[in-house]
Amino acid sequence: MSITSAQKKNKLPADSHLRRWVDGAVVYQVYPRSFQDSNGDGVGDIPGIISRLDYLKDLGVNAVWLSPFYPSPMADFGYDIADYRDVDPQFGTLDDFKKLLHEAHARSIHVMVDLVPNHTSDEHEWFAQSRSSRDNPKSDWYIWKNAKSTLPDGTPQPPNNWLDVLTGASAWQWDETRRQFYLHSFHAKQPDLNWQNPAVRAAICDVMRFWLDLGVDGFRVDAVYWMAKNPDFTDDPPVHPVYAKGPATNYHTLRHDNSMGWPEVYAYLSEMADVLKEPAYRTADGETDRFMVTEAYPEGKSSLDAYMAFYQGVDPAVAAPFNFDGLVLPWQARTWRISLASFHAAMATCGPRAMACYAFGNHDQHRLASRWPEVAARGIAVMQCTLPGMTFVYYGEEIGMHNVTIPADRVQDPATTGGATGGGGRDPERTPMQWSDELNAGFSTAGRTWLPLADDYRTNNVAAQTKNPHSFLTLYKKLIQLRHDCDVLRYGDFAVLPMVTPHVLGYVRSFEGKRRVTLINFSPEPVVPELDLELRTCLVSSDPRSKLTESFVSSTSVELLPYEAAFFEAA
Ligand code: NOJ
């Protein structure tokens, strides 16, 4: 059973019928291969995660999101699922998962699992049936098309020019049995399901029920834009050279107008959202409290329009899109001021339950502390913990883990230089968690771990940072604790402060007459912003050298150190 109804009754004020565990939740993303290995094979697993739950409890997170742990040939490290209702033996057993759920709930940690609806593995039984003939019952569960033409040497040509996200090669794979192509928007071992087929939609809804019945609290839903493509399968147009940004990988030579992002996606997701609202998954007092967060990078659209289409198209009581501005925007006060002000103004029109879901890192993006100077990354921690809504912390970000350079003979990620992620793949941000200065950073006793450890693990690890009052980890713990203690942060309104100082972003959170302010200096120089409200005590600063936390402030102006972010009580 989910813990949420009990919690709701015991812990939240009686008048708070609109409040749910998701409000203000800090969600910690665990990449199971890299978190903790319990059996010495060099790959993390579910018993390993269970052994680290006390750490997560101490960190203070409200929920974990587990990247896929399902049976998989691991062509895309679990995002190629061969069975939606089990656990891969590398990660443990279904009983291990049930134990994880129980132990997490016993510590008031909610559990979200990854749901991958766009594609399965080519080793899924559904695909085996679908490819077996053109007239089997699952024949059109996947997207099969005849060759557009055949070259004189007999080579069949794909039906259109769509490209595979991971490699930038054709998204079509010829199959000798059916003598047809199947579509794979990602790896050739990840055939796309045919979401136009109601039987497919019903099957995925059943998968959701399977995990909800076990007691999971929600889903992170993978790659949702690809569920809906142009039904005419028209070619994607080329990117006009004037608008091509950066070194063009093959994938980026096209605008993906037809191969993804068609409006039916909202109807499909609404069918999934309806599952979360079924009576079986409501609390004892009839409230919905299971939730799904959808992964869709705005790609070529205005991010505001892209995000709002989800809030308007899928019931925001049970679903929200990730806000990926923390991954795509430049680190510039002006840009953030505009983006936050417009996003929250638009959200306010989507009803009281519409939830922002901020992510500043994940398993597909370079590490925060490698994208920005470390002082700025500490400022981002303050920002992400003081913004409204859910916030997602990728494992290791709380100790400022860096990207790791992967030697050519240790590369694992199937994404190649031709794909959307460009050179280097995603291994650098997926290396083992750094727990201590012991063998393999305490992650594993194996002779060789699946990806190499960071060189700095002997000095940069959880054990060392726990002892250091100025560490990244101590800062995160303080911030997460603040979020727990402070209704203003969990439930408060949000407004961006007008600012005359160009390099400072400021915003105010307010709730039941209380106000809190965050100020962030985006520049490498100290600044003294002037405000039209009075700041009081500084509750936390990102910079251990800051003097702001040492004394009671009562001023409309404070000095911020380079890149410093600070959080204040305000009059
Ligand atoms: C998005 C996931 O985050 C990524 O890791 C994966 O490769 C693709 N979707 C395909 O499932």
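The model is predicted. Its chain is divided into three parts: domain 1 (3-119 + 196-245 + 257-477), domain 2 (120-194 + 246-256) and domain 3 (493-570).

**Ligand surroundings**

- The residues around the ligand are Asp 76, Tyr 79, His 119, Phe 186, Gln 190, Arg 220, Asp 222, Glu 295, His 363, Asp 364, Arg 426 and Arg 430.
- Sorted by class, this shell holds seven charged, three polar and two nonpolar residues.

**Polar distances to the ligand**

- An N or O atom in the side chain of Asp 364 lies 2.4 Å from an oxygen atom of the ligand.
- For Asp 222, a polar side-chain atom is 2.7 Å from a ligand oxygen atom.
- His 363 also places a polar side-chain atom 2.7 Å from an oxygen atom of the ligand.

- The C-alpha centres of domain 1 and domain 2 are 27 Å apart.
- In the contact between them, 45 residues of domain 1 meet 38 residues of domain 2.
- Together the two domains bury about 3600 Å², and 59% of this is on carbon and sulfur atoms.
- On the domain 1 side, the residues that lose the most area to domain 2 are His 119, Phe 233 and Ala 420, which together make up 17% of what that side buries.

- Asp 257 and Arg 255 form a salt bridge, with their closest N and O atoms 2.3 Å apart.
- The side of domain 1 that touches domain 2 has 22 nonpolar, 13 polar and 10 charged residues.

Key:
Residues are numbered from 1 along each chain as its sequence is written. This is a predicted model: local features need pLDDT of at least 70, side-chain atom pairs count only at pLDDT 80 or more; totals for chains, interfaces and linings use all residues. Side-chain values use heavy atoms; hydrogens and water are left out. A residue is near a molecule or strand if one of its heavy atoms lies within 4 Å of it. A polar contact is a pair of N or O atoms within 3.5 Å; within protein, one must be able to donate a hydrogen and the other to accept it, and residues adjacent in sequence count only if both atoms are side-chain atoms. Ala, Val, Leu, Ile, Met, Phe, Trp, Tyr, Cys and Pro count as nonpolar, Asp, Glu, Lys and Arg as charged, and the others, Gly among them, as polar. Domain bounds come from an automatic or database domain assignment. Contact means heavy atoms within 4.5 Å. Buried area is the accessible area (1.4 Å probe) that two parts lose on being put together, summed over both. A salt bridge is a side-chain nitrogen of Lys or Arg within 4 Å of a carboxyl oxygen of Asp or Glu.
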